Amino acid sequence: KVCPGAKVSLEFGSSSCDTCVNLGMSGAPNLEKNYCSGCGAGLEFDLSTNVCIACAEGTYSEPGSSCTACPPGKYTKQDKDHSTVSYKISTGCYSCAAGKYSTKTGATNETTCENCGVGTFSTAVGADSNSTCNDCAPGTYNADIGSSQSSACKVCPGAKVSLEFGSSSCDTCVNLGMSGVPNERRNDCLKCEAGLQFDTNT
């Protein structure tokens, strides 16, 4: 007898049939019920209907695998049409670009990727938290968001300094309540020698 429903028999002389899942195979039974045909990318096998169905929004599948949500730091590609659903199904995930991160599981678009804040940068692609956003070192600053290179942290200009990690701007020693001149690294104010005072005009 032909194997019933969503069951197959893979060997000659079989006394019973079983599902593809129980046999350790993915996909749907072929018409002859002697093999499991893997579902295509963006699809998974539905045991209740015995057919390959579209992955839900926010999930994806590779050929022959079950649908799964894109992990944090990624979002679904939505790169394939399917006649049974109104949305595009996904065959994989895109990664958030460097300078961004996302904590959301099952994200469906790039807008879930948040920018690293001012005073920071990140070279990590597909980052899943803001812990990958590195602070600019004292003596430098970055006024922009979403920076993807360490060069975004610029040395404080002129007679200005930044004293903290993650600075978005620089200021003069006087405005910071400190006397003296900026050191070479622009991360501290050095007091003038005895008998001298700092000239803010020069």
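Select Cys39 and Cys52 to begin: a disulfide joins the two, with 2.0 Å from S to S, where a disulfide is a pair of cysteine sulfur atoms within 2.5 Å. The torsion about this S-S bond is about -85°, so the disulfide is left-handed. The pair links distant parts of the chain, with Cys39 in the loop between β4 (36–37) and β5 (43–46) and Cys52 in strand β6 (residues 51–54), 13 residues apart. Strands here are DSSP runs of E with at least two residues, numbered from the N terminus. Cys39 is buried at a relative accessible area of 3%, whereas Cys52 is partly exposed at 29%. Buried means under 20% relative accessible area, exposed over 50%, and partly exposed in between, with a 1.4 Å probe and protein chains only.

Before moving on, keep in mind that this is a predicted model, in which local features need pLDDT of at least 70 and side-chain atom pairs count only at pLDDT 80 or more, while totals for chains, interfaces and linings use all residues. Residues are numbered from 1 along each chain as its sequence is written, and side-chain values use heavy atoms, with hydrogens and water left out.

**Further disulfides**

The count of disulfides comes to nine, and two others are stops on this tour. Select Cys96 and Cys113 next, whose sulfur atoms lie 2.1 Å apart in a disulfide; the link is left-handed, with -75° about the S-S bond. It connects distant parts of the chain, since Cys96 is in the loop between β10 (93–95) and β11 (100–101) and Cys113 is in the loop between β11 and β12 (114–115), 17 residues apart. Both Cys96 and Cys113 are buried.

Then select Cys116 and Cys133, joined by a disulfide with 2.0 Å from S to S. The link of Cys116 and Cys133 is left-handed, with -75° about the S-S bond. This pair, too, links distant parts of the chain: Cys116 is in the loop between β12 and β13 (120–121), and Cys133 is in the loop between β13 and β14 (134–135), 17 residues apart. Cys116 is buried, with a relative accessible area of 1%, and Cys133 is buried as well, with a value of 14%.

**The aromatic pair**

The structure holds one aromatic pair. Select Tyr75 and Tyr94, which form this pair in a tilted arrangement, 5.8 Å centre to centre and with 50° between the planes. Rings of Phe, Tyr and Trp (its six-membered ring) pair if their centres lie within 6.5 Å, and planes under 30 degrees apart count as stacked, over 60 as edge-to-face and the rest as tilted. Tyr75 lies in strand β9 (residues 74–76) and Tyr94 in strand β10, 19 residues apart, and the pair links distant parts of the chain. Tyr75 counts as buried at 11% relative accessibility, while Tyr94 counts as partly exposed at 40%.

**The cavity**

A search of the whole structure finds one cavity of 30 Å³ or more. On a 1 Å grid over the protein atoms alone, a cavity is a set of points where a 1.4 Å probe fits but cannot get out, and lining residues have an atom within 4 Å of a point. Grid points are joined across faces, edges and corners, and the volume is the space filled by probe spheres set on the points; about 40 Å³ of space lies in the largest cavity. To display the lining, select Ala56, Glu57, Gly58, Thr59, Thr76, Gln78, Tyr87, Lys88, Ile89, Ser90 and Thr108. These residues divide into three nonpolar, six polar and two charged, where Ala, Val, Leu, Ile, Met, Phe, Trp, Tyr, Cys and Pro count as nonpolar, Asp, Glu, Lys and Arg as charged, and the others, Gly among them, as polar.

A salt bridge is a side-chain nitrogen of Lys or Arg within 4 Å of a carboxyl oxygen of Asp or Glu, and the count comes to one. Lys88 is partly exposed, with a relative accessible area of 38%, whereas Asp81 counts as exposed at 60%.

**Positive phi**

Most residues other than glycine have a negative phi. Gln78 is found in the loop between β9 and β10 and counts as partly exposed at 27% relative accessibility. Finish at Arg186, which has a positive phi of about 60° although it is not a glycine. Arg186 lies in the loop between β19 (181–182) and β20 (189–190) and is partly exposed, with a relative accessible area of 22%.

How values were computed
1 Å grid on protein atoms, 1.4 Å probe; cavity = no way out; pocket = protein on both sides within 12 Å on 5 of 7 lines; lining within 4 Å. Helix = DSSP H or I, 4+ residues; strand = E, 2+ residues; numbered from the N terminus.
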